[in-house]
Amino acid sequence: MTHLAADKVNAALTVPPDADGRAVRYRSFMTHAAIPPSPSREEYARDYAAALAANGDETIFDRPEPIGLLIEWLAQARAHEINDPNAMALSTVDVDGWPDSRMVLLKDVDVRGLTFYSNRESAKGRQLQARPAAAVLFHWKSLRRQVRLRGTVEPVTTVEADAYFASRARESRIGAWASDQSRPLDSRETLEAAVAREESRFDGQEVPRPEHWTGWRLVPTVMEFWRDRPFRLHDRLRFERDGEGWSRGRLYP
Ligand SMILES: Cc1cc2nc3c(=O)[nH]c(=O)nc-3n(C[C@H](O)[C@H](O)[C@H](O)COP(=O)(O)O)c2cc1C
């Protein structure tokens with residue numbers, strides 16, 4: 001673990017006296033110890049070479065539909081990411097119109113859409129109840145790619161939710177009963193006591209799915225594939241739902 005020198009951190013926590021000048025703000029951003037500068041020509045050649053070589057396949061622009069391409073990119077991410085290649089940022093909107101984001105794990109993907117699981121009474125669950133629409137973002141650092149989706153969200157069937165819940169480790173199933181996800185918690189001990197209580201309640205029995213623990217499917221209307229190309233001249237491929245199929249086009253980076 002790298003630690004920044006305390007004076008560097010403290011300097012970032014106080015507004016510099018001359019911070020209202022544009023040039024000063026730009027300079028202080030460029031020299032912030034926690035933020036790397038833009039890569040130089042040499043760094044592109046040295047550090048990005050393998051990922052950039054893999055990002056030159058022009059045939060992706062001929063794809064008739066995006067779900068197959070997403071599955072291919074997920075498989076490549078699975079081979080390269082250090083963990084959670086199926087992690088995605090899920091953005092929802094609350095009743096006042098404020099956006100909110102958090103990571104969730106993709107648990108299934110097919111022509112119908114992308115499935116994830118959570119607690120219906122969590123912040124995201126309540127937001128999805130009020131406004132069944134969301135955006136999802138994957139970012140795979142090792143591949144230097146992102147995929148971005150927007151669409152409507154619908155609950156999965158109880159059969160699907162039961163099947164996925166049953167596939168989880170017993171401890172995770174106990175945890176789903178013990179956690180009042182997104183509600184205030186006074187201490188770690190309270191959570192551990194709740195786990196112990198649920199463990200003894202289900203001792204010697206199967207752990208059923210709590211009714212509040214379920215899944216949703218994002219049905220994408222727009223999907224955009226982005227990949228890093230040298231000097232920020234990236235590729236962008238956007239699909240939009242068009243009747244039964246998809247229309248497709250490139251975007252400027
Ligand atoms: C990599 C990663 C994967 C996660 N996957 C899930 C998930 O699949 N389901 C879930 O409920 N929370 C997941 N979380 C936790 C959520 O990000 C979040 O803390 C939690 O769901 C509460 O969010 P909410 O208060 O907005 O509802 C994950 C967190 C990370 C960092």
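This is a predicted model: local features need pLDDT of at least 70, side-chain atom pairs count only at pLDDT 80 or more; totals for chains, interfaces and linings use all residues.
User: Where is threonine 92 placed, and is it buried or exposed?

Analyst: Threonine 92 belongs to strand S1, residues 87–93. To judge burial, count the other C-beta atoms within 10 Å: a residue is buried if there are 20 or more. Threonine 92 has 24 such neighbours, so it counts as buried.

User: Which side chains of S1 point to the buried face?

Analyst: In S1 the side chains alternate.

User: Which strands pair with S1?

Analyst: There are two to look at here. S2 pairs with S1 in the antiparallel sense over 7 bridges, and serine 91 stands opposite serine 101 in S2. The hairpin of S1 and S2 has 5 residues between the strands, and glycine 97 takes a positive phi near 90° there. S5 also runs antiparallel to S1, joined to it by 3 bridges; leucine 90 has valine 136 in S5 as its bridge partner.

User: Back to the contacts of threonine 92. How far apart are the C-alpha atoms of threonine 92 and lysine 124?

Analyst: They are separated by 6.8 Å, although the two residues are 32 places apart along the chain. For the chain as a whole, take the contacts with a separation of 6 or more: 59% of them join residues 24 or more positions apart.

User: Lysine 124 is in helix H6. Which residues of H6 are buried?

Analyst: Lys124, Gln127 and Leu128 are buried in H6. Looking down the helix axis, the buried residues of H6 fall within an arc of 95°, so they line one face of the helix.

User: What covers the buried residues of H6?

Analyst: The cover includes S1, S2, S4, strand S5 (133–140), strand S6 (145–155) and strand S7 (213–227).

User: How are S5, S6 and S7 joined to one another?

Analyst: Follow the bridges. S5 and S6 pair in the antiparallel sense over 8 bridges, with histidine 139 opposite glutamine 146 in S6. S6 and S7 also run antiparallel, and 11 bridges join them; glutamate 154 has arginine 217 in S7 as its bridge partner.

User: Which residues have the most contacts inside the largest nonpolar core?

Analyst: That core has 25 residues, and those with the most contacts inside it are Phe116, Ala134, Val136, Val147, Trp216 and Leu218. Helix H5 (67–80), S1, S4, S5, S6 and S7 each give two or more residues to this core. The largest share, 5 residues, comes from S7. Take valine 136 as an example: leaving aside neighbours within four places in sequence, valine 136 is in contact with Met88, Ala89, Leu90, Leu114, Leu149 and Leu218.

User: Which residues other than glycine have a positive phi?

Analyst: Arginine 144 has a phi of about 55°, and lies in the loop between S5 and S6. With 18 C-beta neighbours inside 10 Å, arginine 144 counts as partly exposed. Serine 182 has a phi near 75°; its place is in the loop between helix H8 (170–178) and helix H9 (188–201). Serine 182 has 15 C-beta neighbours inside 10 Å, so it counts as partly exposed too.

User: How many residues surround the ligand, and which are the closest?

Analyst: The ligand is surrounded by 15 residues; Ser118, Ser122, Ala123, Lys124 and Ser182 are the closest. Strand S2 (99–105), strand S4 (113–119) and helix H6 (123–130) each give two or more residues to this shell. S2 has the largest share, with 5 residues. By type, the shell divides into 7 nonpolar, 4 polar and 4 charged residues.

How values were computed. Residues are numbered from 1 along each chain as its sequence is written. A residue is near a molecule or strand if its C-beta atom, placed from the backbone, lies within 6 Å of it. Helices (H or I, at least four residues) and strands (E, at least two) are DSSP runs, numbered from the N terminus. Ala, Val, Leu, Ile, Met, Phe, Trp, Tyr, Cys and Pro count as nonpolar, Asp, Glu, Lys and Arg as charged, and the others, Gly among them, as polar. A residue is buried if 20 or more other C-beta atoms lie within 10 Å of its own, exposed if 12 or fewer, and partly exposed in between; C-beta atoms are placed from the backbone. The arc is that of the directions from the helix axis to the C-beta atoms. Two residues are in contact if their C-beta atoms, placed from the backbone, lie within 7 Å. Two strands pair if DSSP finds at least two bridges between them. A nonpolar core is a set of buried Ala, Val, Leu, Ile, Met, Phe, Trp, Tyr and Cys residues joined through C-beta atoms within 7 Å.
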